[in-house]
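Let's take a friendly walk through this fold together. Please have the sequence and the viewer ready.

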Amino acid sequence: MNTKTLALMTLATATLGWMVTPAGDVAASDNIINWTQSADLSTLDPSRAPDVASSQIIDQSGQGLYRSGKNNEPKLADAKKVDVSEDGKTWTITLRDNLKWSNGDPVTAQDYVYGWQRTIDPKNASTSANLMYNIENAKALNTGEQTDLSALGIKALDDKTLQITLVAPEPMMAKILTEKGFYPQNQAFEAKVGDKYGSTSTDTLYNGPFKVVGWNGSNKSYRLVKNKYYIDAKQVKPKEVHFQTVTDSSTGYNLYQSNKVDYTELSATQIKGVKGKTGYHQIKQARTQYLAFNVKTGILSNQTARQAMQRAINKAAMVKNVMSDSATMSKTFTPVGIVTDPKTKTDFAKANAVKNTGYNTKEAKRLWQKAMKQEGLKKTSLTLLADNDDSSKNQAQFLQSQLESHLPGLQVTVKT
């Protein structure tokens with residue numbers, strides 16, 4: 001038996017986030033908000049966070065040169081002034097006065113240089129590193145072709161001035177700079193805590209609206225507490241935000257109904273009973289979910305087998321029955337409604353739809369049997385990895401059923 005690994009796939013885009021929240025602007029008492037997370041924190045290190053939960057907390061406790069404003073448009077944050085050269089490849093950025101870390105130390109241009117170097121350093125395996133590839137020498141450093149991190153195209157001209165050198169002009173640069181991998185990091189603090197940096201709330205330093213309190217690296221409850229040293233502290237309304245990890249949607253909804261939390265996400269099956277009720281909201285998310293194959297050995301190294309699996313899954317049924325129409329079928333990696341060609345006014349996702357991805361059990365079986373013959377197999381097994389929340393587990397079970405019923409000789413084990 002060949003056992004290979006797949007990542008969770010729904011093949012759905014423009015997912016709607018179904019949730020219940022208080023009807024008022026600030027429903028929690030004393031400016032304390034009680035929030036649920038569907039997954040545990042893994043790290044508070046902005047150069048290493050690979051997951052949504054960690055990224056969300058880092059976004060609230062850190063800040064970069066820009067931040068997302070109204071309608072997700074980038075606006076100046078730590079940066080006071082940005083000058084771009086005529087050829088668009090040199091950005092000179094002046095930092096605001098009185099920027100401070102949560103321990104009172106000043107935030108300097110060198111903190112940005114150090115933070116970006118950590119993100120591009122391959123040993124940190126940052127999921128933000130590829131966003132830096134248009135910065136001079138970034139790709140070579142991240143792939144190991146170069147090893148001198150000081151070659152990265154970001155320099156501190158003085159304590160308050162940064163110079164960024166790009167490979168080519170980048171119209172999206174301001175929006176890219178809102179990402180967590182571009183946050184500053186304090187080298188002296190990290191040298192003090194060593195390898196523990198980002199592993200607990202006390203082994204992390206913050207320059208954003210909040211500090212994280214009470215996270216020991218594994219517990220499921222922690223708090224965001226207002227950071228008095230934050231440059232725009234007067235604009236921060238909540239005093240605290242209390243988080244708890246709730247992977248079971250029924251538990252989350254029960255906590256909401258008993259007024260113990262102010263926000264929780266709903267499963268696809270729960271939305272049928274709460275539509276139209278006070279506090280129920282829908283939030284569109286530009287997200288694409290897909291199967292990621294381990295293609296190095298075994299049956300998944302065979303392209304024909306992967307094509308068979310694509311055709312073996314009824315994505316329309318998955319969206320309708322498993323996800324209660326809270327998603328749409330995707331035909332490209334880009335969700336519909338994200339980018340429009342300014343000349344043709346055509347939606348990018350629709351214009352670049354991929355063909356031959358439709359549900360076809362007869363073709364799936366033919367391709368699968370061909371692949372199994374090529375690999376000399378009569379039976380094989382695969383492991384499907386899924387997140388440990390109700391929605392992900394339901395989707396994984398559907399995928400398991402589809403693949404096993406349409407591809408002879410295949411056994412799929414779901415692992416959360």
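## About the model

This is a predicted model, in which local features need pLDDT of at least 70 and side-chain atom pairs count only at pLDDT 80 or more, while totals for chains, interfaces and linings use all residues. Residues are numbered from 1 along each chain as its sequence is written, and side-chain values use heavy atoms, with hydrogens and water left out.

## The nonpolar cores

A nonpolar core here is a set of buried Ala, Val, Leu, Ile, Met, Phe, Trp, Tyr and Cys residues joined through side-chain atoms within 4.5 Å; buried means under 20% relative accessible area, exposed over 50%, and partly exposed in between (1.4 Å probe, protein chains only). The largest such core has 33 residues, and Leu65, Trp116, Ile135, Leu162 and Ile164 touch the most other members. Elements giving two or more residues to this core include β7, α2 and β9, with α2 giving the most, 5 residues. Helices (H or I, at least four residues) and strands (E, at least two) are DSSP runs, numbered from the N terminus.

Apart from this core lies another, of 29 residues, among them Ile299 and Met318.

## Helix α2

Because 11 of its 12 residues are buried, α2 is largely enclosed by the rest of the structure. Its buried residues pack against β7, α3, β8, β9 and α5.

## Threonine 92

Threonine 92 is found in strand β7 and counts as partly exposed, at 23% relative accessibility. Leaving aside neighbours within four places in sequence, threonine 92 is in contact (heavy atoms within 4.5 Å) with residues including Lys81, Asp83 and Leu162.
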